[in-house]
Amino acid sequence: MSGTDIYHEMIVDYSRNPINYGEIENHDVTFHDSNPLCGDSIDIDMKIDDNKVTDIKFHGKGCAICMACTSVLTEITKGKSLDDVRKIEKHDVLSELGLEHLQAVRIKCALLSLKVLKSALYTYLGSNLKDTADVDTLKTEAENLY
Amino acid sequence: MQSTEDSFENLRNDFPILKRTVRDNKRLVYLDNASTTQKPNQVIDAITDYYRNHNANIHRAVYALAEESTEAYEGARDKIAKFVNIKNRQELIFVRGTTEAINLVAYAWGRPHINEGDIIVTTEYEHHSNIVPWQLLTQEKRAKLEYIGMNDDGQLNLDDLDKYLATGKVKLVTFSLMSNVLGTITDAAKIIAKCKAAGVLTLIDGAQAVPHMKVDLDTLGCDFFAFSGHKMLAPTGIGVLWVRKSVLQTMNPFHGGGDMIREVHKYETTWNDLPYKFEAGTPSIAEVIGFGAAIDYLTKIGMDNVRQHEMELTQYAIDELSKIPGLEIYGTKDITKRGGVISFNFADVHPHDVADIIDKEGISLRSGHHCAQVLMERLNVAATSRASFYIYNTKADVDALINSLNIVAKVFKL
């Protein structure tokens, strides 16, 4: 993907007006991570009831790609069961914004929020489940996302 | 060589990489010189000539090749010493770069000299390489790290320095001669005079200054000085640490191994003479020789001409960038107080998006925190865009940057 075509209307709009931006005061889980090279920094808060993500918000700083992808990811996640959240893949986020062929240096901007989401999930499951082997798999998956 | 724009335009022919195109056949406009510079044929040829014709390890063997390589290596040491006016070649230690130089000081000088309660003073506009080694040292020794603050014009508040010196606990003041983000040229003479009066040692990070202006270590009067080759036309992986001999004699070795020893017995070792006591193992011979060739190249141009060229270019760039609505330049606009490094933000567009969009126009612009997160915090920004110039940059490069920023404005509807 080259030229200014990754900066289409949707990306620019989301970067100016991110969706689900903010904090959840009485969240059930929160997680923070950043990209050391570029400084993109994202926190995700989630409210979880009956194994379902009933609310999700994010805050932080990032480039247009990062903000747009995080907006889309929170949209995808909201209302899903934890099992379905586990199944969210890179492609689900990238395809939503037409970023399937993003160059390697920018992929980190696009997928930081998915890494944070998966890390939040294992943090939540780790403190609520006894099957630690399963939680460890999730942790590894988050760490090796990109 | 004359300091005219023509002669600077001509020297572009010495840099093969400047002839290539990038992305969709766009002319390469390289504006990330504060990070690393391109290399002229003279440097590339010196390295290949060494490997093709002279390659052998230095200092030990008696055969012809070893004699040639030793001569070339030590000859480069003399060239570099002369370039920054180091009077005693025993004080010039080859290291991998500025980062290794500062770590060497923190380890080999810091460990035997820093104790609980001592203070090391640095500044708010340092590169991480002049912050993190001191954090490691002060944490290990239960000493303190303090910062000289900066005003909104990018100048240091030297009242802070006076305050710390008055405690009588300061052992070292360490600062960069030119900020890698703001381009601010530090008033080193003033800081060193204050420190000398208080009997405190000074370390200067010269990584950004030495490539761009005349630096005279004998006149400066600091105690430690570090700089890197790759930011001044030389290869990566080679740099210089200079330490005043009286201080060097109080330091422990950094790395133990070959070449740094005089005699090794089962349980004790005596050290080689200076500077070899601090150069363990086979050094970066080809890189040192390449560094020597870079020094020859810059000497031929003249560092006053280099500074003059960059001042003209920086003034032009600041004037043109200032015309763009919504673009904020950080640091002073007085070019006599700054080098050719310009950090800016463009409205609400993240620097990564700026860099990505203009990359498609062939422009290599840096975006991010530039290894200066303490400064980013002080400026209250997550990141900046940064353009930095060198001898081969021209007004046409600045024009290309300005034109490409218009594309950013269109995409983000500014």
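Trainee: How far apart do the C-alpha centres of domain 1 and domain 2 of chain B lie?
Mentor: They lie 28 Å apart. Domain 1 of chain B covers 5–30 + 302–411, and domain 2 covers 45–299; such bounds come from an automatic or database domain assignment. This is a predicted model, in which local features need pLDDT of at least 70 and side-chain atom pairs count only at pLDDT 80 or more, while totals for chains, interfaces and linings use all residues. Residues are numbered from 1 along each chain as its sequence is written, and chains are lettered from A and ligands numbered from 1 in the order in which they are written.

Trainee: How many residues of the two domains are in contact?
Mentor: On the domain 1 side of chain B there are 23 residues, in contact with 22 residues of domain 2 of chain B. Two residues are in contact if their C-beta atoms, placed from the backbone, lie within 7 Å.

Trainee: Which element gives the most to the domain 1 side of chain B?
Mentor: That is α11(B), with five residues. The elements giving two or more residues to this side are α11 (303–322), β14 (341–346), α13 (373–379) and β17 (384–388) of chain B. Helices (H or I, at least four residues) and strands (E, at least two) are DSSP runs, numbered from the N terminus.

Trainee: And how do the residues of that side divide by class?
Mentor: The side of domain 1 of chain B that touches domain 2 has nine nonpolar, seven polar and seven charged residues. Here Ala, Val, Leu, Ile, Met, Phe, Trp, Tyr, Cys and Pro count as nonpolar, Asp, Glu, Lys and Arg as charged, and the others, Gly among them, as polar.

Trainee: Now the sheet in chain B. In what order do the seven strands come?
Mentor: The order is β4-β10-β9-β8-β7-β5-β6 in chain B, an open sheet with mixed pairing. Two strands pair if DSSP finds at least two bridges between them. The edge strands, each pairing on one side only, are β4 (92–95) and β6 (144–148) of chain B.

Trainee: How many bridges join β9 and β10 of chain B?
Mentor: Five bridges, in the antiparallel sense, join β9 (residues 224–228) and β10 (residues 239–243) of chain B. Within this pair, Phe225(B) stands opposite Trp242(B) in β10(B).

Trainee: What does helix α6 of chain B touch on the sheet?
Mentor: Helix α6 (residues 158–165) touches β5 (119–123), β6 and β7 (170–176) of chain B, and its direction makes about 150 degrees with that of β6(B). Axes are lines fitted to C-alpha atoms, for helices over the stretch in contact, and angles run from 0 to 180 degrees between N-to-C directions.

Trainee: Moving to chain A, what sheet do its three strands form?
Mentor: They form an open antiparallel sheet in the order β1-β2-β3 of chain A. The edge strands are β1 (29–34) and β3 (52–61) of chain A. Strands β1(A) and β2 (residues 41–49) of chain A pair over six bridges, and Ser34(A) has Ser41(A) in β2(A) as its bridge partner. Helix α5(A) packs on this sheet, touching β1, β2 and β3 of chain A.

Trainee: Where is the kink in α5(A) centred?
Mentor: The kink, about 45 degrees, is centred on Leu111(A). The bend at a residue is the angle between axes fitted to the seven residues ending there and the seven starting there.

Trainee: Finally, how many residues does the contact take from chain A and from chain B?
Mentor: It takes 14 residues from chain A and 14 residues from chain B. The chain A side has seven nonpolar, five polar and two charged residues.
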